Amino acid sequence: MNLDDLITKFSGSATQQRKAIFSTLFIAGNKLQTLFDKNIPEVSLKQFMLLSIVRQSQEQLTFTQLGALLGCSRQNIKKLSDALMKKGFVTIQQSSSDPRALCICPTEKVNAYFQNSFAKYQEDLKYLFDVYTEEETETLFWLLSKLYAGIENLEKESSADENHRNL
């Protein structure tokens, strides 16, 4: 079975298409992580994404806030930040707004890293999206943004189900 066979098999109904989209998101995520882990120097894709968010943020973000943004647990953020701290990319400090919370702060190495190594990442992104027109890229951007609303619906439903089971 090849990709064209799968596309044909799942194109028959909205239910089948939903299954295919879900599978595609999972498989694409794995493939992208494997590709970028091989191509991004010094850090994994997950570490890179954490560095990107920390670098772009205008404020200190706690482990909990970063976990919510990246879709993972506070413990995963702690593990990623510990690895980045050992590599000299970040420091871990107490939050200025909540003394119980920890924040990740970028070091100067982060700026140097993005100035020097980010070009390769940008080049890879260009290849990834070369198959799309500008209009298709914009459509995909908005559709993926809308996917977050669906994920929030699923989280609410899952939380409601869990609360119902605990009663």
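**Notebook: salt bridges, pockets, surface patch**

I began with K109, which is partly exposed at a relative accessible area of 32%. The model is a predicted one.

**Salt bridges**

I looked for the partner of K109. Its side chain meets that of E42 in a salt bridge, at 3.3 Å from N to O. I then checked where the two residues sit. E42 is in the loop between helix 2 and helix 3, K109 is in helix 6, and 67 residues separate them, so the pair links distant parts of the chain. E42 is partly exposed, with a relative accessible area of 47%.I counted four salt bridges in total. Another joins D82 and K78, with the closest N and O atoms 3.1 Å apart. Both residues lie in helix 5, four residues apart, which means about one helical turn between them. D82 is partly exposed at 23% relative accessibility. K78 is partly exposed too, with a relative accessible area of 32%.

I also noted K126 with D130, a salt bridge whose closest N and O atoms are 3.4 Å apart. K126 is partly exposed at 48% relative accessible area, and D130 is partly exposed at 46%.

**Largest pocket**

Next I looked up the pockets. The largest has a volume of about 2,900 Å³. I found 50 residues in its lining, with L25, A28, G29, L32 and L144 nearest the centre. Helices 1 to 7 each give two or more residues to this lining. Helix 2 gives the largest share, 17 residues. I sorted the lining by type: 33 residues are nonpolar, eleven polar and six charged.

**Second largest pocket**

The second largest pocket holds about 250 Å³ of space. I listed its lining as A14, R18, I21, F22, L25, L147, G150, I151 and L154. Helix 2 and helix 7 are the elements that give two or more residues to it. Helix 2 again has the largest share, with five residues. By type I get seven nonpolar, one polar and one charged.

**Nonpolar surface patch**

Last, I checked the surface. I21, L25, L144, L147, Y148 and I151 form a nonpolar patch with about 540 Å² of accessible area together. Helix 2 (14-39) and helix 7 (134-166) each give two or more residues to the patch. Helix 7 gives the largest share, four residues.

I took a separate look at Y148, which is found in helix 7. Is Y148 buried or exposed? Its relative accessibility is 57%, so Y148 counts as exposed; the cut-off for exposed is over 50%.

Notes
Residues numbered from 1 in each chain as written. Predicted model: local features only at pLDDT ≥ 70, side-chain atom pairs only at ≥ 80, totals over all residues. Heavy atoms only, no water. Patch = residues over 30% accessible without salt bridge, like charges linked within 9 Å, V, L, I, M, F, W, Y side chains within 5 Å. Areas by Shrake-Rupley, 256 points an atom, 1.4 Å probe, with all protein chains shown as cover. Buried < 20%, exposed > 50% of the residue type's maximum accessible area, 1.4 Å probe, protein only. 1 Å grid on protein atoms, 1.4 Å probe; cavity = no way out; pocket = protein on both sides within 12 Å on 5 of 7 lines; lining within 4 Å. Points joined across faces, edges and corners; volume = space filled by probe spheres on them. Nonpolar A, V, L, I, M, F, W, Y, C, P; charged D, E, K, R; others polar.
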